[in-house]
Amino acid sequence: KPDVVVVDPARSGLSKRALESILELAPRTVVYVSCNVSTQARDVKRFLEGGTYSVTGLKGFDLYPQTTHVESVCTLART
């Protein structure tokens, strides 16, 4: 059973099956890297809905200067 799960899904975000699998694994920490903050927000909301996880960190990274694209990293901890 992993202590940490790191995900970096495509722009479409996590599939329902992937998200359910992660919740079933119940790692202590989930690190969610995303290039689409909209789908990241949708998926993080699903982690928070069960009351099992809380957001412990959120940071944006400008890896592509002079564009509108930002990478976002959200860290969630099991409560």
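Student: What covers the buried residues of helix 2?

Tutor: Helices (H or I, at least four residues) and strands (E, at least two) are DSSP runs numbered from the N terminus, and contact means heavy atoms within 4.5 Å. The cover of the buried residues of helix 2 includes helix 1 (16-25), strand 2 (29-34), strand 3 (53-61) and strand 4 (71-78).

Student: What kind of model is this?

Tutor: Residues are numbered from 1 along each chain as its sequence is written, and side-chain values use heavy atoms, with hydrogens and water left out. Local features need pLDDT of at least 70, side-chain atom pairs count only at pLDDT 80 or more, totals for chains, interfaces and linings use all residues, and the model is predicted.

Student: Which residues of helix 2 are buried, and where do they lie around its axis?

Tutor: Buried means under 20% relative accessible area, exposed over 50%, with partly exposed in between (1.4 Å probe, protein chains only). In helix 2 (residues 37-49), the buried residues are Thr39, Gln40, Asp43, Val44 and Phe47. Seen down the axis, taking directions from the axis to the C-beta atoms, the buried residues of helix 2 fall within an arc of 130 degrees, so they line one face of the helix.

Student: Which residue caps the N-terminal end of helix 2?

Tutor: A side-chain oxygen lies 3.0 Å from the backbone nitrogen of serine 38. The residue that supplies this oxygen, and caps the helix, is asparagine 36.

Student: How many aromatic pairs are there, and why is the pair of phenylalanine 47 and tyrosine 53 classed as it is?

Tutor: Rings of Phe, Tyr and Trp (its six-membered ring) pair if their centres lie within 6.5 Å; planes under 30 degrees apart count as stacked, over 60 as edge-to-face and the rest as tilted. The count comes to one aromatic pair. Phenylalanine 47 and tyrosine 53 are both buried. Their ring centres are 5.7 Å apart and their planes stand at 80 degrees, so the pair is edge-to-face.

Student: Is alanine 26 buried or exposed?

Tutor: Alanine 26 is found in the loop between helix 1 and strand 2, and has a positive phi of about 50 degrees although it is not a glycine. Its relative accessibility is 19%, so alanine 26 counts as buried.

Student: Is glutamine 66 buried or exposed?

Tutor: Glutamine 66 is found in the loop between strand 3 and strand 4, with a positive phi of about 65 degrees although it is not a glycine. Its relative accessibility is 83%, so glutamine 66 counts as exposed.

Key:
Expected span 1.5 Å × (residues − 1). Polar contact = N/O pair within 3.5 Å; in protein donor to acceptor, adjacent residues only side chain to side chain.
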